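Take a look at the structure, then read on.

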Amino acid sequence: MKEFKYEPNAVTYNTLMKMHLALKSTDMVLKLKKEMDENKIEPNVNTCKVLITMYCDMENWKDAYELCREMIEEKRLKPSLQVYEMVLQQLKKAGQLKKHKELVKMMVDRGFVSRPP
């Protein structure tokens, strides 16, 4: 792409990150996210989905929760029901019931869900 003077965008990075996630190459996913940040390319809902999926696959509830919280509270992005439930499941599994309740409250307060799961 660089050879032909094409600038990557969020869709380009999301596609590459998703591909590397499928290959279980978390280092490359994180490297691409870092490059995205360095190039000042704003992550979108799909970027967050790839990263949260990766964190949940790694059973890293802290980063999954934090990214989901940032997505909802700071970026005002609505996670898909699949992503939301994935994070809730990780929080339950880790015994993080307070964080679980906080996430449900955030989603309800933003009008993203009408009732807690």
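Buried means under 20% relative accessible area. The model is predicted.

Q: Does Cys-68 count as buried or exposed?
A: The cut-off for buried is under 20% relative accessible area. Cys-68 has 0% relative accessibility. Cys-68 therefore counts as buried.

Q: What is the distance from the sulfur of Cys-48 to the closest cysteine sulfur?
A: Cys-48 is buried, at 2% relative accessibility. Its closest cysteine sulfur is in Cys-68, too far for a bond. The distance is 8.5 Å.

Q: How many disulfides does the structure hold?
A: The cut-off is a pair of cysteine sulfur atoms within 2.5 Å. The number of disulfides in the structure is zero.

Q: Is α1 roughly parallel or roughly antiparallel to α3?
A: Helix α1 spans residues 10–22, and helix α3 spans residues 45–57. They pack with axes 9 Å apart, at an angle of about 15 degrees. Angles under 35 degrees count as roughly parallel, so α1 is to α3 roughly parallel.

Q: Which residues of α3 meet α1?
A: From α1 come Asn-14, Met-17, Lys-18 and Leu-21. By class, this contact has four nonpolar, four polar and two charged residues. On the α3 side are Asn-46, Thr-47, Val-50, Thr-53, Met-54 and Asp-57.

Key:
Residues are numbered from 1 along each chain as its sequence is written. This is a predicted model: local features need pLDDT of at least 70, side-chain atom pairs count only at pLDDT 80 or more; totals for chains, interfaces and linings use all residues. Side-chain values use heavy atoms; hydrogens and water are left out. Axes are lines fitted to C-alpha atoms, for helices over the stretch in contact, and angles run from 0 to 180 degrees between N-to-C directions. Helices (H or I, at least four residues) and strands (E, at least two) are DSSP runs, numbered from the N terminus. Angles under 35 degrees count as roughly parallel, over 145 as roughly antiparallel, 65 to 115 as roughly perpendicular and the rest as oblique. Contact means heavy atoms within 4.5 Å. Ala, Val, Leu, Ile, Met, Phe, Trp, Tyr, Cys and Pro count as nonpolar, Asp, Glu, Lys and Arg as charged, and the others, Gly among them, as polar. Buried means under 20% relative accessible area, exposed over 50%, partly exposed in between (1.4 Å probe, protein chains only).
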